[in-house]
Amino acid sequence: MYVVESKGGAIVCMLLALFFLGTWPAIITLLERRGRLPQHTYLDYTITNLLAAVIIALTFGQIGDSSVHRPNFFTQLSQDNWPSVLFAMAGGVVLSLGNLSTQYAWAFVGLSVVEVISSSMTVVIGTTMNYFLDDRINRAEILFPGVGCFLVAVCLASVVHSSNVADNKAKLSRLPVDNKTEKGSVLSSASEEVISKDQENGDGPVGKAKAGTATFLIELEKRRSIKVFGKSMFIGLSLTFFAGVCFSLFSPAFNLATNDQWHTLKHGVPKLVVYTAFFYFSVSCFVIALILNISFLYHPALGVPKSSFKAYLNDWNGRWWAFLAGFLCGFGNGLQFMGGQAAGYAAADAVQALPLVSTFWGVVLFGEYRRSSRRTYILLFFMLFMFIAAVGVLMGSSGHRK
């Protein structure tokens, strides 16, 4: 079994995990904005997410000789380690619920803000729990100032979101208003007049509008599978904060599974190695995602169109992208846990800097914050600055597990 033992190796694992975990949400968001049903996308994603864990277990978990204290993956499958297995599976359950929540939250409040808020909550709550579970192997005088930076970042993210919403309302303020509903008739024929005006002003043809324009927002609403116009942003923020709580718990649960700090295993039974724990973690994540998303096919949430299992099987539009997202998330989580087992799970929470990557993709791929106000840009800059500072401080607190 291959084990990451050096601090340098742990940091490499964290950096790779940071890129993978920051990229897969952008792919899921891209598919939703192209109109693919989130139920279809998440079912595809969860298949390859589990497959990634199986690949890691059969490779890294089987490399080298098996020992009493570090048994290989197949050896551990037959051992009496169910208390630790249940902790790992509990972590998979809350991660699955968190990922499912963010898939809908991205549509309401944007990729950047969702990732910043949920990740910051994960660091503030989860990192504190991991610090004490890991017997304080991380340097507290460095770790907790980093946690404070994340806390400031989440406050700034909420303000950025409010400012960006105000900017979008200003862009759409010239839309015709229905006298009965007092709501902008965004998808009515009258909105075509606005699109025509935008074309005259050089904003491009329908479907190719410049990012950040009223035309762009209208065309996006027409294409996407989760309709957000006319709905309260409170829904998106509620889903985001729920996801943040879920994400805060999965890493401490995995920590308990691999290190048995509560001494739940019988005497003489070796602790779960990271690869075995990750396998059970991913199995429970897969089962929960499968049950919920098959249910959502027939009983969709938040106004998403109904579907069926047959329609899902026949929907190959974007399937390979969804498969890629699952692989990226699976390998990203595995690398995070490999680094955490070596340098402490509190320090490994530095991968929660994934909004730095997600914000980059949000701006490049989706035109988030394009043509926004100067106030929004200033707030965005300070939010990202606090994030970068937090990541540097958090990685600087890395310890070494004995």
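The chain has 15 helices and zero strands. What you see is a predicted model, so please keep that in mind throughout. Of its 402 residues, 56% count as buried. If we take the contacts with a separation of 6 or more, residues 24 or more positions apart account for 83% of them. The chain exposes about 16900 Å², and carbon and sulfur atoms supply 67% of that area.

The largest nonpolar core holds 95 residues. Which of them touch the most other members? They are Met14, Trp24, Phe254, Phe281 and Phe337. Helix H4, residues 82-109, gives the most to this core, with twelve residues. Setting aside neighbours within four places in sequence, Trp24 is in contact with Tyr45, Asn99, Trp106, Ala325, Leu328 and Cys329.

Next, the charged pairs. The structure holds five salt bridges. One of them joins Glu32 and Arg224, with the closest N and O atoms 2.9 Å apart. This pair links distant parts of the chain: Glu32 is in helix H1, residues 7-33, while Arg224 is in the loop between helix H8 (214-223) and helix H9 (233-259), and the two are 192 residues apart. Are these two residues buried or exposed? Glu32 counts as buried because its relative accessibility is 6%, and Arg224 counts as buried because its value is 5%.

Now find Asp44, which forms a salt bridge with Arg36; there the closest N and O atoms are 2.8 Å apart. Asp44 is buried, with a relative accessible area of 0%. Arg36 also counts as buried, at 4% relative accessibility. Asp44 forms another salt bridge, with Arg319, and in that pair the closest N and O atoms are 3.0 Å apart. Through shared partners, salt bridges join Arg36, Asp44, Asp315 and Arg319 into one network.

On to the aromatic rings. The count comes to 29 aromatic pairs. One of these is formed by Phe381 and Phe382: the pair is edge-to-face, 5.4 Å centre to centre, with 75° between the planes. Phe381 is exposed, with a relative accessible area of 52%, and Phe382 is partly exposed, at 44%. Those two fall under separate labels because exposed means over 50%. Elsewhere, Phe247, Phe250, Phe254, Phe278, Phe281, Phe337 and Tyr345 form one aromatic cluster.

Last, the surface. Which residues form a nonpolar patch there? Ile125, Met129, Val245 and Leu249 do, with about 290 Å² of accessible area together. Helix H5, residues 111-133, and helix H9 each supply at least two residues of this patch. Leu249 is found in helix H9 and counts as partly exposed, at 36% relative accessibility. As background, in soluble globular proteins nonpolar side chains tend to be buried together.

Terms used: Residues numbered from 1 in each chain as written. Predicted model: local features only at pLDDT ≥ 70, side-chain atom pairs only at ≥ 80, totals over all residues. Heavy atoms only, no water. Helix = DSSP H or I, 4+ residues; strand = E, 2+ residues; numbered from the N terminus. Buried < 20%, exposed > 50% of the residue type's maximum accessible area, 1.4 Å probe, protein only. Contact = heavy atoms within 4.5 Å. Areas by Shrake-Rupley, 256 points an atom, 1.4 Å probe, with all protein chains shown as cover. Core = buried A, V, L, I, M, F, W, Y, C linked by side-chain atoms within 4.5 Å. Salt bridge = Lys/Arg side-chain N within 4 Å of Asp/Glu carboxyl O. Patch = residues over 30% accessible without salt bridge, like charges linked within 9 Å, V, L, I, M, F, W, Y side chains within 5 Å. Phe/Tyr/Trp six-rings, centres within 6.5 Å; stacked < 30°, edge-to-face > 60°.
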